[in-house]
Amino acid sequence: MTSNQNLAGDDPAGYQAAEAQVGSHAARLNSLRAAVLGANDGIVSTAGIVIGVAGATLVPFAILTAGIAGLTAGALSMAVGEYVSVSAQRDTEKALLDKERRELAEMPEEELAELAGLYEAKGLDSELALQVATQLHAHDALAAHAETELGIDPNELTNPLVAAVSSAVSFTVGSILPLAAIMLAPTALKVVITVAAVVAALVLTGYLSARAGGTSHSRSIMRNVAGGLLAMGVTYWIGRLVGHSLG
Ligand SMILES: [Zn+2]
C-alpha cells in the first residue's frame with residue numbers, strides 16, 4: 001500500500017498522488033467487493049446446509065455438526081481457490097512485466113515510439129503524444145508501459161496469500177450468521193428465523209456489492225435475496241425428502 005498523504009506532500013505537481021489515489025481506490029473497491037462476495041457465499045451455502053439438515057432433523061447436534069463442517073470446508077475451499085487463481089494471475093502479470101522490462105532495456109527507442117503511438121491512438125496529436133511518452137519514460141518507463149499496454153499497476157500486484165486469507169475470513173463471517181440463527185432459535189421457529197436472518201443479511205450484502213460496483217441497489221438486492229431463497233428452498237426440500245425416505 002502506498003500512502004497518499006506522503007505522496008501528495010512530496011510531489012507538488014500532485015500528479016503522482018492523483019494517480020496513486022485512483023489506483024488504491026480501485027484496489028479498495030476490489031477488496032471490498034471480494035469481501036462482500038465471500039461473506040455472501042458463506043451466508044448462502046451455510047444457510048443451505050443447516051436448513052437442509054433441518055428439513056430432515058431438528059436435533060441441534062446434527063445441525064451444528066453439519067454447519068461447522070460446511071463452514072470449515074467452504075472457508076478452506078474459498079482460500080485454496082483464491083490462492084490458485086490469484087497466483088496464476090500474478091504469474092501471468094509478472095511474465096508480462098518481465099517481457100516489458102526486457103524490451104525496454106533492449107530497444108528503448110522502439111518502446112518509446114510504441115508508447116507514443118498508443119497515446120496517439122487515444123486521441124493525442126503526435127507531437128503531444130511523443131512529449132507525454134518521453135516524460136513518462138523519464139519518470140517510470142515500466143509503469144507507463146504496464147499501465148497503458150497491459151492495464152497492470154506493477155506496484156499493486158495482488159498477493160495470493162492475502163487474497164486467500166481474506167476470502168476465508170469473509171466466508172467464515174458470513175457463515176456464522178445462519179449458524180448462530182438456527183442454533184439460538186427455539187425448535188419450532190428454527191427454519192423461519194434462519195430464513196428471516198439470511199434475507200436481512202442478503203439485503204445488506206446486495207446493497208454493499210451494488211455500492212462497490214456502482215450499480216442499481218434494488219436490482220442487486222432483489223437478485224441476491226432471490227438467489228438465497230432459492231438455495232434455501234431447494235436444500236430444505238431435499239433435506240425433507242432425504243429425511244422422509246431414510247428417517
Ligand atoms: Zn512496451
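## Exercises on a predicted model with a zinc ion

Glu100 is buried, its relative accessible area being 2%. Here buried stands for under 20% relative accessible area, exposed for over 50%, and partly exposed for the range in between (1.4 Å probe, protein chains only).

The model is predicted: local features need pLDDT of at least 70, side-chain atom pairs count only at pLDDT 80 or more, and totals for chains, interfaces and linings use all residues. Residues are numbered from 1 along each chain as its sequence is written, and side-chain values use heavy atoms, with hydrogens and water left out.

**Exercise 1. State the average pLDDT of the chain and find where the pLDDT is below 50.**

Step 1. pLDDT is the predictor's confidence in each residue, from 0 to 100. Its average over the chain is 88, and 89% of the residues score at least 70.

Step 2. The pLDDT is below 50 over residues 1–19. Beyond near neighbours in sequence, this stretch has 15 contacts in the model, a contact being heavy atoms within 4.5 Å.

**Exercise 2. List the protein donors of the zinc ion and their spacing along the chain.**

Step 1. Donors are N, O and S atoms within 2.8 Å of the metal (3.2 Å for Na, K and Ca); water is not among the atoms, so sites may look incomplete.

Step 2. Glutamate OE atoms come from Glu100, Glu111, Glu114 and Glu149, and His145 gives ND1. These donors lie 1.8 to 2.4 Å from the zinc ion.

Step 3. Along the chain, the donors follow the spacing E-x10-E-x2-E-x30-H-x3-E.

Step 4. Glu100 in helix H3 and Glu114 in helix H4 (residues 108–121) are 14 residues apart, a pair that links distant parts of the chain. Helices (H or I, at least four residues) and strands (E, at least two) are DSSP runs numbered from the N terminus. Glu114 is partly exposed at 31% relative accessible area, whereas Glu100 is buried.

**Exercise 3. Find the salt bridges and describe the exposure of each partner.**

Step 1. The criterion is a side-chain nitrogen of Lys or Arg within 4 Å of a carboxyl oxygen of Asp or Glu. The structure holds two such bridges.

Step 2. Asp98 pairs with Arg101, with the closest N and O atoms 2.8 Å apart. Both lie in helix H3, three residues apart, about one turn of the helix. Asp98 is partly exposed at 39%, and Arg101 is partly exposed at 43%.

Step 3. Glu103 pairs with Lys99, with the closest N and O atoms 3.3 Å apart. About one helical turn separates Glu103 and Lys99, because they are four residues apart in helix H3. Glu103 is buried at 16%, while Lys99 is partly exposed at 43%.

**Exercise 4. Describe the largest nonpolar core and what Val50 touches.**

Step 1. A nonpolar core is a set of buried Ala, Val, Leu, Ile, Met, Phe, Trp, Tyr and Cys residues joined through side-chain atoms within 4.5 Å. The largest has 17 residues, and those with the most contacts inside it are Val50, Ile63, Ile182, Val198 and Leu202.

Step 2. At least two of its residues come from each of helix H2 (15–56), helix H3 (60–106), helix H6 (160–184), helix H7 (190–213) and helix H8 (217–246). H2 gives the most to this core, with seven residues.

Step 3. Leaving out residues up to four places away in sequence, Val50 touches Ile63, Gly67, Pro178, Leu179 and Ile182.

Step 4. Another core, of eight residues, lies apart from the largest one; among its members are Leu112, Ala116, Ala129 and Leu136.
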